[in-house]
Amino acid sequence: MKSNFHTALRGFLVIAFAFTLFTGCTDDFAELNVDQTKLAELSDAEIPFLFSKAQSSSSYAFWRYQVAQNLFSDLYSQYHATCATYFPSDRNVVRMDWMQWHWRPIYTDAVPQLKAILEATEPSTAENALASVTWVYAFHRLTDYYGPVPYFQAGEPLGSVPYDSQEDIYNDFFTRLDEAEEVLRNASGEAPYGSFDLIYGGDVDKWIKFTNTLRLRLAIRVSGVNPALAKEQAEAAVAGGVMESIDDDAYMFKTEAGTDVNGLAGISVWNEFRMSAAMESVLKGYDDPRMSVYYQPDDNGEFNGLRNGLDPAQLGDAANQANANSNVGTRWTVGSGGNWARQGGTAQNILHAAEAYFNRAEGALNGWNMGGSAEELYNQGIEASMNQWGITDAAAISAYQQSDAVPVAPGDFLGSPAMSDTPISFGGSDAEQREQIATQKWLALYPDGMEAWANQRRSGLPVLYPVVNSENSLLPNGERPNRIPFIDYEKNTNSDAVTAAVGLLNGPDDVTTRLWWDVD
């Protein structure tokens with residue numbers, strides 16, 4: 001049924017909405033915001049198609065996933081490391097021609113659709129509320145790369161679209177999520193968008209939990225820069241009900257039909273990246289059962305990873321090539337050597353209960369009312385993550401939670417040490433507990449490199465390996481970017497707004513400047 005829906009969706013978009021839904025309509029961002037891009041009339045029957053398109057685009061499919069996420073945040077979060085010599089991004093080179101494909105899908109395939117829905121539906125409807133929640137989901141993944149972005153007037157018919165400060169954007173996120181939750185509570189029993197909702201199929205109760213879990217994520221994000229706001233929003237999210245079971249987990253429907261395949265699965269067959277040494281160190285040291293789910297053995301039947309930032313000469317060594325290191329798990333691809341078959345219909349990870357538990361655990365350490373102690377919530381987060389990945393043996397999970405195991409040295413040619421000496425079993429000082437929560441959250445967020453990178457920048461935890469080689473003069477000594485500079489595409493088409501936006505940053509428009517919420 002959903003496969004037929006996608007066929008219908010593609011045909012509908014091509015025929016009826018080609019002037020606004022696809023990036024190929026124009027090469028000029030400003031032209032995306034002229035009157036011709038607006039529908040003269042929008043019927044109720046057309047709204048679900050727009051919502052599906054916006055949902056799908058906000059999660060990045062197939063090759064866009066590679067250039068939006070895999071070659072940047074997946075590397076910066078050290079979930080993966082490149083094994084292809086022709087990708088300099090693991091050595092801190094930011095290819096701005098690639099970055100437009102992180103930017104453009106939001107402004108061409110999500111914003112026009114969501115604005116049309118928000119303008120065509122009453123604010124009191126569940127359809128309007130879900131469009132608003134999706135707006136926040138899409139934009140938080142955008143602003144957390146760059147900082148200021150066009151937001152309040154995005155999609156308007158303006159010659160130059162102004163950028164807004166990240167603080168103002170986040171304040172609007174909280175307002176939208178608060179208002180959406182209230183609307184959804186009054187919509188119990190409805191099924192907004194039905195099967196056109198690619199995440200929950202119109203299940204309002206699950207969307208309430210999604211809304212509050214996203215709200216909790218964003219509250220934790222601002223906990224350093226605005227502790228009072230963070231506490232208020234986090235406590236409101238937990239009181240309203242966040243995800244607590246894997247039954248609440250959010251996955252985006254994907255299909256082998258067309259190009260709307262699972263992004264990680266789609267690119268996993270190209271032999272261009274492998275498990276990182278950081279993940280190897282922690283997963284092996286913890287004897288973590290998720291290792292064989294996240295990754296699969298190399299051609300020698302072993303789990304091996306690579307340090308991030310190896311140069312072409314180092315990657316030329318047989319031990320550092322694709323066949324000698326671990327590809328992603330069979331959820332995304334099956335095969336061996338140079339022959340892999342993608343599992344493109346695998347649903348894409350969006351938001352999960354495990355993360356909510358770890359965010360609540362951190363909130364509890366902050367003294368917030370999170371409905372449990374930090375230790376209780378930490379252990380519940382581990383259990384939820386294990387269950388999410390099919391590990392349900394209660395005795396094995398309990399033994400893991402109580403283990404004093406620590407990361408181990410990966411045994412690579414660099415003689416890399418263990419990534420840390422942080423044990424699993426909760427305890428010790430406040431600093432150690434925060435490291436434990438951050439480490440388990442990092443493991444649980446896999447493969448969401450966007451969120452993992454944002455959380456690592458905010459907290460500085462877990463402490464990852466230094467980058468072996470940097471080809472970016474602004475980032476010596478093993479450092480990683482703090483943000484992505486404003487993209488060349490915008491500088492060429494929206495230059496006045498970009499120039500003004502530099503004044504909204506905490507420094508120059510380069511990779512060293514921290515985002516508004518990155519104060520630690």
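**Close-up views of a predicted model**

View 1. The side chains of lysine 284 and glutamate 280 form a salt bridge with an N to O distance of 2.9 Å. A salt bridge here is a side-chain nitrogen of Lys or Arg within 4 Å of a carboxyl oxygen of Asp or Glu. Both residues sit in helix α13 (residues 277-285), four residues apart, about one turn of the helix. Helices (H or I, at least four residues) and strands (E, at least two) are DSSP runs, numbered from the N terminus. Lysine 284 counts as partly exposed because its relative accessible area is 33%. Glutamate 280, at 1%, is buried. Buried means under 20% relative accessible area, exposed over 50%, and partly exposed in between (1.4 Å probe, protein chains only).

The model is predicted: local features need pLDDT of at least 70, side-chain atom pairs count only at pLDDT 80 or more, and totals for chains, interfaces and linings use all residues. Residues are numbered from 1 along each chain as its sequence is written, and side-chain values use heavy atoms, with hydrogens and water left out.

**View 2. Arginine 217 and aspartate 448 form a buried salt bridge**. The closest N and O atoms of arginine 217 and aspartate 448 are 3.9 Å apart. This pair links distant parts of the chain, 231 residues apart. Arginine 217 belongs to helix α10 (residues 204-221), and aspartate 448 to the loop between α19 (430-445) and α20 (449-459). Both residues are buried. They also take part in a salt-bridge network with Arg141, Asp144, Arg221, Glu355 and Glu451. By the rule given under View 1, the model has 28 salt bridges.

**View 3. Glutamate 256 and arginine 342 join a loop to a strand**. Their salt bridge has its closest N and O atoms 2.8 Å apart. The two residues lie 86 residues apart and link distant parts of the chain. Glutamate 256 is in the loop between β2 (250-252) and α12 (263-267); arginine 342 is in strand β5 (residues 339-342). Glutamate 256 has 36% relative accessibility, so it counts as partly exposed. Arginine 342 is also partly exposed, at 27%.

View 4. Proline 447 lies in the loop between α19 and α20. Proline 462 is in the loop between α20 and α21 (488-493).

**View 5. Glutamine 78 and aspartate 287 take positive phi values**. Neither residue is a glycine. Phi is near 60° for glutamine 78 and about 50° for aspartate 287. Glutamine 78 is in the loop between α5 (73-76) and β1 (80-82). Aspartate 287 is in the loop between α13 and α14 (291-294). Glutamine 78 is buried because its relative accessible area is 2%. Aspartate 287 has 66% relative accessibility, so it counts as exposed.

**View 6. Helix α11 has a buried face**. Helix α11 (residues 227-240) has 14 residues. At 1.5 Å a residue it should span 20 Å, and its end C-alpha atoms are 20 Å apart, which agrees. The expected span is 1.5 Å times one less than the number of residues. Leu229, Ala230, Gln233, Ala234, Ala237, Val238 and Gly240 are buried in α11. Seen down the axis, these buried residues fall within an arc of 165°, so they line one face of the helix. The arc is that of the directions from the helix axis to the C-beta atoms. The face turned away from the buried side carries the exposed residues Ala228, Glu232 and Ala239. The buried residues pack against α9 (166-185), α10 and α16 (353-365); contact means heavy atoms within 4.5 Å. Just after α11, glycine 241 has a positive phi of about 105°.

**View 7. The second largest pocket is lined by 20 residues**. Gln456, Gly460, Glu479, Arg480 and Asn482 lie nearest its centre. Helix α20 gives the largest share of the lining, three residues. The pocket holds about 370 Å³ of space. On a 1 Å grid over the protein atoms alone, a pocket is an open set of points where a 1.4 Å probe fits, with protein on both sides within 12 Å along at least five of seven lines; lining residues have an atom within 4 Å of a point. Grid points are joined across faces, edges and corners, and a volume is the space filled by probe spheres set on the points.
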